[in-house]
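Let's take a friendly walk through a protein model, a few residues at a time. Keep the picture open as you read.

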Amino acid sequence: GMASWWSVIHGYNHPIINTALKQQIDKMSHVMFGGLTHDPAIELGQQLVAMTAPELQAVFLADSGSVSVEVAMKMAIQYWASSGQPNKQRFLTVRNGYHGDTFGAMSVCDPVNGMHSLFSQTLAQQLFAPAPEPAFDAPCEAQHTEELARLLVEHRDSIAAIIIEPVVQGAGGMRFYSPAYLRELRALADENEVLLIFDEVATGFGRTGKLFAYEHADVVPDILCLGKALTGGYMTLAATVTTENVSRTINQGEPGVFMHGPTFMGNPLACTAALSSLKLLQEGKWQSQVQAIEQGLKEGLAPCTRLAAVRQARVLGAIGVVELHKAVDMATIQPRFVEAGVWVRPFGKLVYVMPPFVISPSQLAHLCRAITKVVADIA
Ligand code: PMP
């Protein structure tokens, strides 16, 4: 039910990705990515540029989703420094967000879920607007962005970028919101001269029914974070993709390069897994698979809504969420799911699934029946 935290979209042990990785091992497993490059990284960069919006032209390969967020934040700061505005170093975000576990990423996670109080002496102090309210199919009214706009206008001289998960807030609450909200954000960011970062580590590569969630809104960010499903869940790899303008501005400023260069950047095996996974995606079956999962989840989770323990069931693309009135007891609920023959890992009040795109209709029906039964039993 979890596709190993959203990542294993083609299922486990895929023969095509397995073969590509075995062949790459026999060519080269790793080489430093400073002053050197290699075919899998070049091809992957080209592929990501081709798949994303035409405005997104430059790719930085990062080690994990959290690091892709760190990289995006550093890019935004360095972009403004190179533009003669070195004071723009803060970030504006919304509540209920989740962007990873490293310090920069943590600083823009929801202050409560992200446990800011525990790390309060060290975490950068960012600006938080209310979580996006309008429902997925609702319009965005002025009051929905009022507080965000106020913070933006007040602090625009110190804000480098707005960072947000587009359309779906994942680990911070599994909330879906209106794409119209993102169109407002784009306009507000432009008016106030701040960059817009979309964190699509969880939503990227088809999960919401579009290849990238920003396509629901027809809005393009200045910086895009990708990870998880990038390698089909085989290896840790992420990418931070940006515009020609951001890339060129950074390279023309001081010190003339982007200041980030980890040891395993652009690892050839990880790039090969990603290329192979993207090739599978490009066959295009994901579209009908995700549509079928959406339909299957809507039908399969509908009986949950009649249970006393359930506040709401919601589905978008290949994401199904059953929100309960009370937090679950993990120690008792986890074994019940295993007994029912499924792997589901709830958190707090949320029992949620995002299965591999290759899940069969009968497996999906089994998964939904198991959720309905376990939730009925715990009530
Ligand atoms: N951003 C989002 C939206 C995520 O969902 C996650 C992981 N759940 C991350 C960033 C961090 O990715 P990673 O766990 O690969 O560091």
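This is a predicted model: local features need pLDDT of at least 70, side-chain atom pairs count only at pLDDT 80 or more; totals for chains, interfaces and linings use all residues.

Is Thr-272 buried or exposed? Its relative accessible area is 9%, so Thr-272 is buried.

Which residues does Thr-272 touch, if we leave out those up to four places away in sequence? They are Ala-20, Leu-21, Gln-24 and Pro-40. With Gln-24 there is also a polar contact: the two side chains are joined at 3.4 Å.

## Aromatic pairs

Now for the rings. A pair of aromatic rings is described by two things, the distance of the centres and the angle of the planes. Rings whose centres lie within 6.5 Å count as a pair, and planes over 60 degrees apart make the pair edge-to-face. By this rule there are seven aromatic pairs in the model. Tyr-79 and Trp-80 give an example: their ring centres are 4.9 Å apart and their planes meet at 75°, so this pair is edge-to-face. Tyr-79 has a relative accessibility of 10%, so it counts as buried. Trp-80 counts as buried too, because its value is 7%.

Phe-103 and Phe-119 are also edge-to-face, with 6.2 Å from centre to centre and 90° between the planes. This pair links distant parts of the chain, with its members 16 residues apart. Phe-103 belongs to helix 5 (residues 103-107), while Phe-119 is in the loop between helix 5 and strand 3 (127-129). Phe-103 is partly exposed, because its relative accessible area is 43%. Phe-119 is partly exposed as well, at 29%.

## A charge and a cluster

Go back to Trp-80 for a moment. What sits over its ring? The charged end of Lys-88 does, 4.6 Å from the ring centre. Elsewhere, Phe-205, Phe-212 and Tyr-214 form one aromatic cluster.

## Ala-171 in its loop

Last stop: Ala-171, found in the loop between strand 5 (168-169) and strand 6 (175-176). Its relative accessibility is 39%, so Ala-171 counts as partly exposed.

Setting aside neighbours within four places in sequence, Ala-171 is in contact with Tyr-98, Glu-165 and Phe-347. How far is Ala-171 from Arg-183, twelve residues apart along the chain? Their C-alpha atoms are separated by 23 Å.

Conventions. Residues are numbered from 1 along each chain as its sequence is written. Side-chain values use heavy atoms; hydrogens and water are left out. Rings of Phe, Tyr and Trp (its six-membered ring) pair if their centres lie within 6.5 Å; planes under 30 degrees apart count as stacked, over 60 as edge-to-face and the rest as tilted. Buried means under 20% relative accessible area, exposed over 50%, partly exposed in between (1.4 Å probe, protein chains only). Helices (H or I, at least four residues) and strands (E, at least two) are DSSP runs, numbered from the N terminus. A charge sits over a ring if NZ of Lys or CZ of Arg is within 6 Å of the ring centre and within 35 degrees of the ring normal. A polar contact is a pair of N or O atoms within 3.5 Å; within protein, one must be able to donate a hydrogen and the other to accept it, and residues adjacent in sequence count only if both atoms are side-chain atoms. Contact means heavy atoms within 4.5 Å.
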